[in-house]
Amino acid sequence: MKKTVVLTFKETTWDKPIVYKLIKDFDLVFNILKAEISPNKEGLLVLEITGSEEAFNDGINYLKRFDIAITSIEKEVTRIEKKCLHCGLCTATCPTKALYVNRETMEVIFDVSKCIACDACIKICPPRAMKVGFRN
Ligand code: SF4
Ligand code: SF4
């Protein structure tokens, strides 16, 4: 599973080596999507974490031991309909068939309910019609 979380660090925790333990001790992998330190030394880290559900829960419980606020956000892939050329390129890369060709109309349909937000279609789409965003 893959989840995106926002971690907000207080002045007392932002410079501590806490987060790397998610990899070392909890067998999780993460991508840093955003990292910011405000002038009052509060830190904000947006991480995309990959691992088993059990490892994810253990890792989050570990983070909760520190003075860190944790919010889970979900990644969301959308299509800008007016940009889509219905070229069909994305249908070959979509692992869940969320993008498929309607054989009657030859239009490429985006079934958002099947999308697992894997991002495979984002880079491959020539007019950049597929977009990734976040929702709380
Ligand atoms: S690759 Fe982009 S333009 Fe082509 S069908 Fe898919 S979403 Fe539309
Ligand atoms: S993000 Fe992945 S699952 Fe969703 S439409 Fe694109 S390729 Fe398919």
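Q: Leaving aside its neighbours within four places in sequence, which residues is Thr 4 in contact with?
A: In this predicted model, Thr 4 is in contact with Leu 33, Val 46, Leu 47, Glu 48, Thr 71, Ser 72, Ile 73, Lys 75 and Phe 134, once neighbours within four places in sequence are left aside.

Q: And where is Thr 4 placed, and is the residue buried or exposed?
A: Thr 4 sits in strand β1, and Thr 4 counts as buried because its relative accessible area is 3%, which is under the 20% cut-off.

Q: What about Met 1, where does that lie?
A: Met 1 belongs to the segment before β1, and with a relative accessible area of 36% Met 1 is partly exposed.

Q: Which residues does Met 1 touch, not counting those up to four places away in sequence?
A: Met 1 touches Ile 49, Thr 50, Gly 51, Ser 52, Glu 53 and Phe 56 on that count; Pro 17, by contrast, is 16 residues from Met 1 in sequence, with 25 Å between the two C-alpha atoms.

Q: Switching to the core: how many residues has the largest nonpolar one, and which have the most contacts inside it?
A: There are 18 residues in the largest nonpolar core, and those with the most contacts inside it are Leu 7, Val 19, Leu 22, Leu 47, Ile 49 and Leu 63.

Q: Which elements each supply at least two residues of this core?
A: They are β1 (2-9), β3 (43-50) and α2 (53-64), and of the contributors α2 gives the most, with five residues.

Q: What is Val 19 in contact with, leaving aside neighbours within four places in sequence?
A: Val 19 is in contact with Leu 7, Phe 9, Phe 30, Leu 45 and Leu 47.

Q: Which residues does the second, separate core include?
A: That core has 14 residues, among them Cys 90, Val 108, Ala 129 and Met 130.

Q: Cys 90 again, then: which residues are closest to ligand 1?
A: Cys 90 is one of the closest, together with Cys 84, Leu 85, Cys 87 and Cys 125, in a shell of 13 residues that divides into 10 nonpolar, two polar and one charged.

Q: And ligand 2, which residues are closest there?
A: Ligand 2 is also surrounded by 13 residues, the closest being Cys 94, Cys 115, Cys 118, Asp 119 and Cys 121, and by class its shell has 11 nonpolar, one polar and one charged.

Q: Are Cys 90 and Cys 115 buried or partly exposed?
A: Cys 90 is buried because its relative accessible area is 12%, whereas Cys 115, at 26%, counts as partly exposed.

Q: With those cysteines in mind, how many disulfides does the structure hold?
A: The structure holds zero disulfides.

Technical notes: Residues numbered from 1 in each chain as written. Chains lettered and ligands numbered in written order. Predicted model: local features only at pLDDT ≥ 70, side-chain atom pairs only at ≥ 80, totals over all residues. Heavy atoms only, no water. Near = heavy atom within 4 Å. Nonpolar A, V, L, I, M, F, W, Y, C, P; charged D, E, K, R; others polar. Disulfide = S-S within 2.5 Å. Buried < 20%, exposed > 50% of the residue type's maximum accessible area, 1.4 Å probe, protein only. Core = buried A, V, L, I, M, F, W, Y, C linked by side-chain atoms within 4.5 Å. Helix = DSSP H or I, 4+ residues; strand = E, 2+ residues; numbered from the N terminus. Contact = heavy atoms within 4.5 Å.
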